[in-house]
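Please open the model in a viewer and keep the selection panel at hand.

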Amino acid sequence: MPRSTKADKARQLNAAYALLQRNTPLPKAIQHLSGVFDLSERQAYRYLQEAAHLERPVEVTEATVPITLKVPARTARLLRAYARSSGLTIGAIVTRALTAFLSARRRHG
């Protein structure tokens, strides 16, 4: 069986979170997750344990592909500093910036 992607894991964790929010009894929640996501009961239980510590559902992200960008050294320094202070990855920052830029461009062009 193929390994779960990050998006798969996020969906499973969010499903566990939703079950806990609805106060679903643990045995029923384990059965539900196990059946819906084709997980072992042990895996389902682990997702429920992890979901119990969440304050809100986790973001489900798309699969990513690596690309190489060349930016001026000053831009790289600013990007790294922002990543450290924000707790975001450089990839997340660049993705958000490019998404905003491309969305604005579609609206205006």
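Helices (H or I, at least four residues) and strands (E, at least two) are DSSP runs, numbered from the N terminus. This is a predicted model, in which local features need pLDDT of at least 70 and side-chain atom pairs count only at pLDDT 80 or more, while totals for chains, interfaces and linings use all residues. Residues are numbered from 1 along each chain as its sequence is written, and side-chain values use heavy atoms, with hydrogens and water left out.

Begin with the whole chain in cartoon view. The protein has five helices and zero strands, in the order α-α-α-α-α along the sequence. Its C-alpha trace spans about 55 × 30 × 30 Å along the principal axes.

Next, select residues 6–21 (α1) and 41–51 (α3). These helices pack at an angle of about 70°, with their axes 8 Å apart; axes are lines fitted to C-alpha atoms over the stretch in contact, and angles run from 0 to 180 degrees between N-to-C directions. Helix α1 is therefore roughly perpendicular to α3 (65 to 115 degrees). Show side chains for the contact (heavy atoms within 4.5 Å): Lys9, Gln12, Leu13, Ala16, Tyr17 and Leu20 of α1 meet Tyr47, Leu48, Glu50 and Ala51 of α3.

Finally, turn to the largest pocket. A pocket is an open set of points on a 1 Å grid over the protein atoms alone, where a 1.4 Å probe fits, with protein on both sides within 12 Å along at least five of seven lines; lining residues have an atom within 4 Å of a point. Select Thr64, Ile90, Gly91, Ala92 and Thr95, the closest to its centre of the 27 lining residues. Helix α5 gives the most to this lining, with eight residues.

Key
Parallel < 35°, antiparallel > 145°, perpendicular 65-115°, else oblique.
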